[in-house]
Amino acid sequence: MRPLSEEEVNKYLNTFGLREKLIARLAIFEGMRPGEIFALRWKSVAGQVLRVEQRVYKRILNTPKNGKTREGAISDGTGELLQQWSHLVPNTEAEAFVFSSEAGTTPLSPDNLWRRSMKPKLMKIGLGWATFQILRRTNASLSKKAGVDPKVASDQRGHGIGVSLDVYTSSDMEQKKEAVQKLEAAVLRKTGNPAVSVSSPGLLE
């Protein structure tokens with residue numbers, strides 16, 4: 001399936017309340033895999049640095065897909081939503097999951113969230129086909145369109161673009177921050193919609 005366009009990204013994000021919008025942004029702008037998003041703990045999103053240390057797959061926590069911990073940048077818009085979300089969840093201790101299940105001790109299930117909370121809303125606007133995998137593909141496509149350096153974008157996503165580049169070069173955090181900001185700006189300026197604020201009734205949808 002094709003990636004989303006800039007206009008579709010705005011439409012996608014504005015369909016959701018705070019939680020789902022934040023999850024979608026982490027895939028679209030920060031380039032995270034779904035298993036990485038749902039395995040995030042509050043200690044992993046301190047400041048403007050995103051540490052990918054675990055992933056959840058079929059309800060089991062293990063190492064990231066490539067076996068390596070990585071650091072990425074957080075766009076300003078995503079950082080703002082994380083702050084809003086931290087004021088609404090019951091537990092923001094270092095080891096607590098950013099997106100926890102009702103029990104509070106395990107991560108939220110990606111499959112359950114998609115099936116119950118995300119897909120039904122997206123179906124109404126014709127974007128029910130845009131799964132988490134499509135969002136990650138969207139990150140790669142729109143990063144390229146926005147002129148983000150391919151090596152920096154790949155480092156942010158945790159996806160190598162070539163052995164020689166991976167071995168001999170590494171993007172620093174300043175470059176990654178510039179990359180996520182550039183992508184965010186390129187997408188959101190299309191409509192002038194910040195896609196950050198959410199109305200009170202939809203916060204916990």
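Tutor: The account below begins with one arginine and then turns to a lysine, a serine and the aromatic rings. This is a predicted model, in which local features need pLDDT of at least 70, side-chain atom pairs count only at pLDDT 80 or more, and totals for chains, interfaces and linings use all residues. Residues are numbered from 1 along each chain as its sequence is written, and side-chain values use heavy atoms, with hydrogens and water left out.

Arg 70 belongs to strand E4, residues 70–73; helices (H or I, at least four residues) and strands (E, at least two) are DSSP runs, numbered from the N terminus. Arg 70 has a relative accessible area of 9% and is therefore buried. Buried means under 20% relative accessible area, exposed over 50%, and partly exposed in between, with a 1.4 Å probe and protein chains only. The side chain of Arg 70 makes a polar contact of 2.8 Å with that of Glu 36. A polar atom of the Arg 70 side chain also lies 3.2 Å from the backbone oxygen of Arg 157. A polar contact is a pair of N or O atoms within 3.5 Å; within protein, one must be able to donate a hydrogen and the other to accept it, and residues adjacent in sequence count only if both atoms are side-chain atoms. Not counting residues up to four places away in sequence, Arg 70 touches residues including Gly 31, Leu 50, Val 52 and Asp 155, where contact means heavy atoms within 4.5 Å.

Lys 177, in helix H9 (residues 173–188), has a relative accessible area of 21% and is therefore partly exposed. Its side chain makes a polar contact of 3.0 Å with the side chain of Asp 76. Ser 154, in helix H7 (residues 150–157), is buried, with a relative accessible area of 2%. A polar atom of the Ser 154 side chain lies 2.9 Å from the backbone oxygen of Pro 150.

As to the rings, the structure holds 5 aromatic pairs. Rings of Phe, Tyr and Trp (its six-membered ring) pair if their centres lie within 6.5 Å; planes under 30 degrees apart count as stacked, over 60 as edge-to-face and the rest as tilted. Tyr 12 and Phe 16 have ring centres 5.6 Å apart and planes at 75°, so this pair is edge-to-face. Both residues, Tyr 12 and Phe 16, are buried.
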